[in-house]
Amino acid sequence: MKLLYASIAAALIAAPAFAQDGEHTPDPVNGEAVYTQWCAICHNPGPSHNPGTAALTKKYEGTDTNPVLAERGGIPAPMVEYFVRNGVSIMPFFRKTEISDNDLADIAAWLNRDAQ
Amino acid sequence: MKLPTGVTPEMFAAALQEFAAVIGAQHVYSSDEDVALYRDAYSPAWGEEEERTASAAVAPASTEEVAEIVKIANKYMLPLYPVSTGRNLGYGGSAPNLTGSVVVDLKRMDTIHEIDDRRNFCVVEPGVSYFDLYAEITAQGKKVLIDAPDPGWGSLIGNALDRGVGYMMPMYRDHWNAHCGLEAVLPNGEILRTGMFAMDGAETYGENKYGFGPMVDGLFSQGSAGIVTKMAFWMMPMPEHFIAGRVKIMKHADMIPLIDHLNYLEDMGLCGQIQWGTPLVLNPNNVDPALAEIHAQPGNGTVEQFEAYAAERDLPFFWVDMRFYGSRKTAMTQWEYAQELMSDIPNVRFELMTDVSFPMDEEKLKTVTSHVTVGVPEMSIFSIGARSDLLPTPRDGHLWFSPLVPRSGEAVAKAQKVFAQAFKDLGLPSPVGPFSAPRTWIYRSFVMVLSLGVSRSDPEANKNSIAAFRRLCEVAAENGWGEYRSAPIFQDQVADTYNFNNGMMKQVQQQLKDALDPNGIISPGRGGVWPARFRNQD
């Protein structure tokens, strides 16, 4: 994980800060709903019918990193923003009519729900 | 940022202000970061001069707002490019044909107006995805099935307008053909309704697609006659039962009688979509070196080499999965009849793959290899080009090259040879060989689809993919095989292959475009049709 964080660190530094509403309090309940709608369709557990999980299983082969994003924990909000807004490999980026800036914060809150 | 010819920065700024007054400033996207999200994520021209990019995006929430946007765009001569969900990846995504166009993002128009499971149709807006409709069908307990394409996050309307395809019975899996009337905002801002929607108070808008008089719906498919804001679709009633049977043939030439039998069965309405497979393609995460060696030859391996490989391992050369819907008795009878008919193929083998009742639940779905064949949208297609042993550095996307070839074994064999030779001539590894199977999504014609890799960091690889696509397009046309669909960057070339009588079809399309859209506002260049304002410009 440290290596992954390092590899995207420069991009995160250059990336704009969250443009979420100033008053927005991250909402994990909405985060789970948005994650289910937009992320789980590729990142559900099990590589069969889940190409995102299949690709991450290969990426993290030989490590102890969980390829199922919803089960991993410890995914920082800027990392969620980076991948949603930039895409990676065959995963395209997502527009704000699909996943708003507030939604991004909510997804991060849900992914890290056990760390609260 | 580059603006289209005839649009000054002052005109552009004034238009954005007026858009914001209609739909709210929060739904006008003009910052670099926001507009970048409308790039084609799979563009083979990523970062290059010829990449097609938008100048801004607007996201209206109603037909009336769309109409106001179109009127403002006319006032400032600002071209628009509508997208439904913008997920047409491999065929252009959300990026426009003309750089500097403003994307009209219809994702906020996501109302499901109606699902009728007695007369079997639905009425939806462009922002409704296959996943959205499936969720609503499930929530309401409706007894109808969606015919979905490979990725379930696409729009029913967007997919139909690009003549996308699916996986069940012929009348449903040709998604354009399954539509039944539409509502659209014309280039002058007026609202049009077609089919029975054209009659105020008509009761058969979801059932009869013709109404009366000349049909104009076709101008909207792969076209630019307006912005479609609503469509009805015929839906398949949920059957009692699903049977999937696999037919295995041992020799390459066996596909000739196999396809003849399949044509008969399908054209009699006795089976659903037929999906081809083969053990002779490389398994991304379990690569057999012996098979890889055959594939590695210039122009790929020969029929004899692949047959020998298969025979040594008692593998079939091809298999086809046939799908049957109905009661268990009728579906099983159709499968048994298919086996009876095809038993004249030497050494043919049959295997019952799935035998399961509707409605589906998670346990039942585990017995179904392809969820879309039972009306459940999914995303498995995104495993293509993903990280694997075969591809340790994953792709960043792909182009689909999709030529139409006749439904005969002879034609498939010819296409395999012709395209493999084209790659050999280009000095590129050939992904085509005797193992290349036809796709049967489009009713009554095969697509010999090819995926060409795209990278965001390797411009040379992209140049190879573009060169390969352009050459394949030429070679296909020389053999009488036209593309059914392509990304904007290739649409002019593809359109020009439809060249009978000095391209009379395009001339008529241009005349209609100019009459309907004299300012060239809606999707200039889509389908290779440029309005007079932009014709013959570099």
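Buried means under 20% relative accessible area, exposed over 50%, and partly exposed in between (1.4 Å probe, protein chains only). This is a predicted model, in which local features need pLDDT of at least 70, side-chain atom pairs count only at pLDDT 80 or more, and totals for chains, interfaces and linings use all residues. Side-chain values use heavy atoms, with hydrogens and water left out.

**Confidence**
- The model has an ipTM of 0.93 and a pTM of 0.95.
- The average pLDDT (the predictor's confidence in each residue, from 0 to 100) is 96 in chain B, where 100% of the residues score at least 70.

**Salt bridges**
- Over all chains there are 34 salt bridges, each a side-chain nitrogen of Lys or Arg within 4 Å of a carboxyl oxygen of Asp or Glu.
- A:Arg85 and A:Asp101 pair with their closest N and O atoms 3.1 Å apart.
- This pair links distant parts of the chain, 16 residues apart: A:Arg85 is in helix H6 (residues 77-86) and A:Asp101 in helix H7 (residues 101-111) of chain A; helices are DSSP runs (H or I, at least four residues), numbered from the N terminus.
- Both A:Arg85 and A:Asp101 are buried.
- A:Lys58 bridges to A:Glu61 at 3.0 Å, N to O; A:Lys58 is buried at 15%, whereas A:Glu61 is exposed at 54%.

**Between chains**
- B:Asp34 and A:Lys96 form a salt bridge at 2.7 Å, N to O.
- The pair joins two chains, because B:Asp34 lies in helix H2 (residues 32-36) of chain B and A:Lys96 in the loop between H6 and H7 of chain A.
- B:Asp34 is buried at 12% relative accessible area, and A:Lys96 is partly exposed at 22%.

Technical notes:
Residues are numbered from 1 along each chain as its sequence is written. Chains are lettered from A and ligands numbered from 1 in the order in which they are written.
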